[in-house]
Amino acid sequence: MAPSDDPQADEPQDTADEHIVTPSEHTSPPHVRPAEPTSAPSSEAGRRNDSTEASSSSNHQSPGPPTHHPGLGVQVSAGANRGGTPFRRGVVSFVRRSPRMNVSQQKALDRLSDRYLVDVPRDTTSTSVAAGSTLDVAGIFGRTAPLTVEIGSGSGDTLAAVAAAHPDRDFIGFEVYLPSIATTLNKLAEKDVSNARVIMADAAAGLEHLFVAGQLDEVWTFFPDPWRKKRHHKRRIVNPDTIDLVTSRVRPGGLWRLATDWQDYADWMLDLLGHDDRLESVGAQPGPRWTERPLTRYENKGVTSGRVVHDFTWRVRTVESAS
Ligand SMILES: C[S@@+](CC[C@H](N)C(=O)[O-])C[C@H]1O[C@@H](n2cnc3c(N)ncnc32)[C@H](O)[C@@H]1O
């Protein structure tokens, strides 16, 4: 494959290619400190910590027949890289590829990492996040503002566009593929964005270890890797474990925006999220295309292939809306 920022071929291969971090590679970046135990309630997933076993959330209702039933009783992604037990590996939603970069991407990393890339303490792999870390978000941005996390920010089109349009809000993109991150840094710099950062880590690990309950205003999951084969469904990032994390880390009243161009993934999202009583639908599902979302390469590919794009928006229930 020529150097590019494409993290996967049409269908990701079910292989693991993780770089195991040696003790000397562990970092102590300035904005991250080992967490003191937080008094904020942790998510169901957080309590499971490094478990590679899936289990349903306590109030997750079975949404459909087995063929449509994603996570219950099987391993789901987000089990590995979560920190905790050394060398325990599980199912993740991505395949690490050799990070071959073109000249522009290498230059972007050299020039812009200090400005935009936030390092975090690692566990056993280069995309893990050490258990017990927290992120000094106010220190990173020099203020406290509504915070959005993007799961799988890819080449940063959405991150850069929306961050530039909303200087009063802060944004953190999680991405595991270094060439895509390098492209993102270029896009952030082109727009001279100061309110967005990128973390190279499994977003599930980041959500679990770097944020406390209710800290986030929004989470985005746009065009997640489809993992179309049935035996790969366990790798889908939208799964009961991630739902536990998102509904914990997003404040009541905050939003989870998603989009996919794969019909069966749209059905999967609707099954899982539409039956979770911690979430309430914002309008019809799927809803209209979020107008702030720029057309990315992935969406464009879906559209030109004749696929229909589905946008979803769920709100984390407030106490009032739950009663
Ligand atoms: C199909 S691309 C879509 C990228 C972007 N959201 C867009 O719409 O253009 C999915 C991206 O998610 C990343 N990814 C998959 N699982 C991830 C995870 N657990 N944490 C962080 N990034 C992940 C992949 O590396 C890939 O760049």
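How do the residues of the shell around the ligand divide into nonpolar, polar and charged? Select that shell and you get 13 nonpolar, 6 polar and 4 charged residues. In this count Ala, Val, Leu, Ile, Met, Phe, Trp, Tyr, Cys and Pro are nonpolar, Asp, Glu, Lys and Arg are charged, and the others, Gly among them, are polar.

Before moving on, some ground rules. You're looking at a predicted model, where local features need pLDDT of at least 70 and side-chain atom pairs count only at pLDDT 80 or more, while totals for chains, interfaces and linings use all residues. Residues are numbered from 1 along each chain as its sequence is written.

**Zoomed out**

Color by secondary structure: the protein chain has 10 helices and 9 strands. Helices (H or I, at least four residues) and strands (E, at least two) are DSSP runs, numbered from the N terminus. Buried residues make up 46% of the 323 residues in the chain. Here buried stands for 20 or more other C-beta atoms within 10 Å of a residue's own, exposed for 12 or fewer, and partly exposed for anything in between, with C-beta atoms placed from the backbone. Among contacts with a separation of 6 or more, 80% are between residues 24 or more positions apart; a contact has the two C-beta atoms, placed from the backbone, within 7 Å.

**Around the ligand**

Back to the ligand. Of the 23 residues around it, show Phe94, Gly152, Gly154, Ala203 and Thr296, which come nearest. To be near a molecule, a residue needs its C-beta atom, placed from the backbone, within 6 Å of it. Strand S4 (170-175) and helix H6 each supply at least two residues of this shell.

Now select H6, residues 203-210. How many of its residues are buried? The count is 8 of 8, so this helix is mostly covered. The run goes from Ala203 through Leu210, and includes Glu208 and His209.

Next, pick Glu150, Glu175, Asp202 and Asp225, which the unreviewed UniProt entry lists under "binding site". They span 76 residues in sequence, yet no two of their C-alpha atoms are more than 13.9 Å apart, so they gather at one spot. UniProt positions are given in the numbering used here, feature names are shortened, and annotations may be inferred rather than shown by experiment.

Start with Glu150 in strand S3 (residues 147-151). Glu150 counts as buried because it has 26 C-beta neighbours inside 10 Å. Leaving aside neighbours within four places in sequence, its contacts include Thr158, Phe171 and Trp220.

Then hop to Glu175, in strand S4. Why does Glu175 count as buried? Its 28 C-beta neighbours inside 10 Å put it there. Beyond four places in sequence, Glu175 is in contact with Gly152 and Gly154, among others.

**More annotated positions**

The unreviewed UniProt entry also puts "binding site" on Lys229, Asp261, Thr296, Arg297, Tyr298 and Glu299. Find Lys229 in the loop between S6 and H7; Lys229 is exposed, with 11 other C-beta atoms within 10 Å. Arg297 sits in helix H9 (residues 297-304) and is partly exposed, with 13 other C-beta atoms within 10 Å.

Show S6 (residues 216-222) and S7 (residues 250-260): they pair in the parallel sense over 6 bridges. Pairing requires at least two DSSP bridges between the strands. Phe222 stands opposite Ala259 in S7.

On to S9 (residues 310-316), which pairs with S7 in the antiparallel sense over 6 bridges. Look for Thr260 opposite His310 in S9.

Most residues other than glycine have a negative phi, and most peptide bonds are trans. Now zoom to the cis peptide bond joining Gln285 and Pro286, with omega about -5 degrees. Pro286 lies in the loop between strand S8 (279-281) and H9.

Are they buried or exposed? Asp192 counts as exposed, with 7 C-beta neighbours inside 10 Å, whereas Phe223 is buried, with 22 other C-beta atoms within 10 Å. Asp192 is in the loop between helix H5 (178-190) and strand S5 (196-200), and Phe223 is in the loop between S6 and H7.
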